Amino acid sequence: METSAAEFFHDFRQETLAGAEASSSFQLAAFMEAVATELVETGFVEGFEFCHYRAQRGMRVDGYWFNDEGALDLFVADFDSRSELATLTRTDVDAAFKRLASFFEASVAKNLSKDLEITSPEYGLSRQIADRKGSIRQVNFILVSERAISDRIQSLSDGEIQGIPTTYHIWDISRLQRQRSSRSHKEPLDLDFISMFGSGIPCLPAHLGSDTYQSYLIVMPAEIISGLYEKFGARLLEQNVRTFLQARGKVNQGIRTTILTEPGMFFAYNNGITATAQSVEVEETGSGLKITRILDLQIVNGGQTTASLFHTRRKDKANLANIFVQMKLSVIDSDESENVVPRISEYANTQNRVNAADFFSNHPFHVRMEEFSRRLWAPAQQGAQRETKWFYERARGQYADAQSKLTVGEQKRFKAENPKPQMFTKTDLAKFENTWDEHPKWVNLGAQKNFAKYAHRIGKEWEKGSDGFNEFYFRRAIARGIIFRAAEKLVSSQAWYNGGYRANIVAYSLAVLSEITKRHKTSLDFQRVWNAQGINNTLEQALTVIAKAVNDDITKPTQGISNISEWCKKDACWTRIQAEIPAIEAALSDEFWDELVSADEAATEAKSAKKIQKIDNGIDAQRKVISIPASEWQKIQELLATRRLLTPKEQGILNIAVQMPSKIPTEKQCAVLLETIEKARAEGIPIP
């Protein structure tokens, strides 16, 4: 049954209240973080920093992000913790955007920062706007509202402030509901090429018959690709490609050189773009078939080509008039898109030098973490009778999808077993792990960039051996998450905390805690945290000491840097904090040191878990092999032998598989058989 706007508002309000209580943050901060997380995960914005400032003279800002495309996203909230869904009128919208625009204009032209507290987030933002005003190509004003927008508001015209182009966007509760309830859990782009560029795009149909999906070959003008990326940014890119681009960098120097020195050869040199869409509209013209409209365009391969065209035009003033890019466009029905689009993306990116599979939600690492999260029960918290689970959302929207077909009673039971505060995503996991593994700078770069770094790191470790990613790893990751969230709550409650930079303080505090234990060849007792599903007073006191020292350090950035958040993204910040560790250690209690376990003890536990996982992997491989009938193994053997793809070792093991059940392959042999199947699939051989 479809949820009404009022019901969605009520549910989202309860989420906000629960989030604020869980992290001891203000309701406004929890509301902005919840909405911003949605916008970041779907590519509408690249990141978000909470920054609340309002002045009597008609200025307000609630958050910001300077993105890699030279644009500034400025957020303003319409939030009053309303208990009932209300209407957002045009007057309200105009007033909110006017206050936000006033803050930007005062920062650019009126030296607003001189009137602000130098350690406050609003000072850092205002100074950064003033310092970067020459390089800001566009400002995106974003109004986030807990109300539903009036039907009378149809569109908002772009504008200009202090010679800088501005755009205006409203994310009300209804738009948020539409995004969450859509099959892909994101708002699809609706591209009308006639209204945007004056004409359709010439194309050739590449599908035959009525039973196949639609596909088209397009020679796309580079100016149109660059224009689309300028307007929509990372929203054009499929989620895994966005992550991949974060890791690889947005400008490929080879592509840039071709654009600048041999534009006429671009079509010949470039591999082109692979894209998908939910639907397309075409029209027959005197010059052939043209695509006039595309719904939900997603680039699944060619992200660097797209970004490089935009950046080279903007930074190098390159002329793209004579450059064209080949595009393969597949039209995938919305019912199939959730499964098919990521697979197209993965297969299209297999030629990349960096292991593209690291970034996909169906990578074995994420699948294994998901399996642990559905199977392992966490001990009941103090005072509670019921054990619960930590729900790992390896693909966006899984938590909601798992409840979509349940009855009311079944939903209640599901939420009792999988409480919403114990749901965590891939970006959460990356944050927990990178913080503890001494990569606080990565964490401060934003959720998507941090995940890209984590995925690349884990991908390389997985290739060396997957046994280390076991139940112990999962429980330790959850314990680290518990500590992370406890630290957030702790920082918010401190008398010295002024309401800003909490994420930076928490990331560096936990990195310091990790560094302290490593210097003394010890480890925190993560099993104790897992068993208690919380932290004790001793660890809480230690975190209080560390967080205060970190706050005192990061709020005094080195000369020449005015924005504390930007300072926290630099290696020099972590280097300077590490120099303070001896003084921090001296302030920690004897009880803290007594509760640490030796590094050898922690290593022994990890080694034992690795052995168990190795056994589990063998059993799982054997189970998969035995589930395939001997007759199917016979077909696989014949297909591979015909193409001469079998090594003598593989041939010998397949000879055993075809004799099942009279002969059963060993666990090691089963692992080889599964690898053989993957090799066959990579060669394009249809394997059942």
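Lys114 sits out in the open: its relative accessibility is 55%, so it counts as exposed. Its salt-bridge partner is Asp115, with the closest N and O atoms 3.6 Å apart. Keep in mind that this is a predicted model.

**Salt bridges**
- Asp115, the partner of Lys114, is partly exposed, with a relative accessible area of 48%.
- Glu566 and Arg132 also pair up through their side chains, at 3.6 Å from N to O. That pair ties together distant parts of the chain, with Glu566 in helix 23 (residues 564–567) and Arg132 in helix 4 (residues 121–132), 434 residues apart.
- Arg132 counts as partly exposed, at 28% relative accessibility.
- Within helix 19 (residues 471–492), Arg475 and Glu471 are four residues apart, so about one helical turn separates them. Their side chains meet in a salt bridge of 3.4 Å, N to O.
- Arg475 is partly exposed at 24% relative accessibility, and Glu471 is partly exposed at 23%.
- There's a network too: salt bridges link Glu433, Asp437, Arg457, Glu461, Arg476 and Arg480.

**Positive patch**
- Lys610, Lys614, Lys649 and Lys668 make up a positive surface patch.
- Lys649 belongs to helix 29 (residues 648–657) and is exposed, at 58% relative accessibility.

**A buried threonine**
- Thr388 lies in the loop between helix 13 (364–375) and strand 17 (391–393).
- With a relative accessible area of 12%, Thr388 is buried, and its side chain makes a polar contact with the side chain of Gln422 at 3.0 Å.

Key:
Residues numbered from 1 in each chain as written. Predicted model: local features only at pLDDT ≥ 70, side-chain atom pairs only at ≥ 80, totals over all residues. Heavy atoms only, no water. Patch = residues over 30% accessible without salt bridge, like charges linked within 9 Å, V, L, I, M, F, W, Y side chains within 5 Å. Areas by Shrake-Rupley, 256 points an atom, 1.4 Å probe, with all protein chains shown as cover. Salt bridge = Lys/Arg side-chain N within 4 Å of Asp/Glu carboxyl O. Lys, Arg positive; Asp, Glu negative; His and termini not counted. Charge placed at Lys NZ, Arg CZ, Asp CG, Glu CD. Helix = DSSP H or I, 4+ residues; strand = E, 2+ residues; numbered from the N terminus. Buried < 20%, exposed > 50% of the residue type's maximum accessible area, 1.4 Å probe, protein only. Polar contact = N/O pair within 3.5 Å; in protein donor to acceptor, adjacent residues only side chain to side chain.
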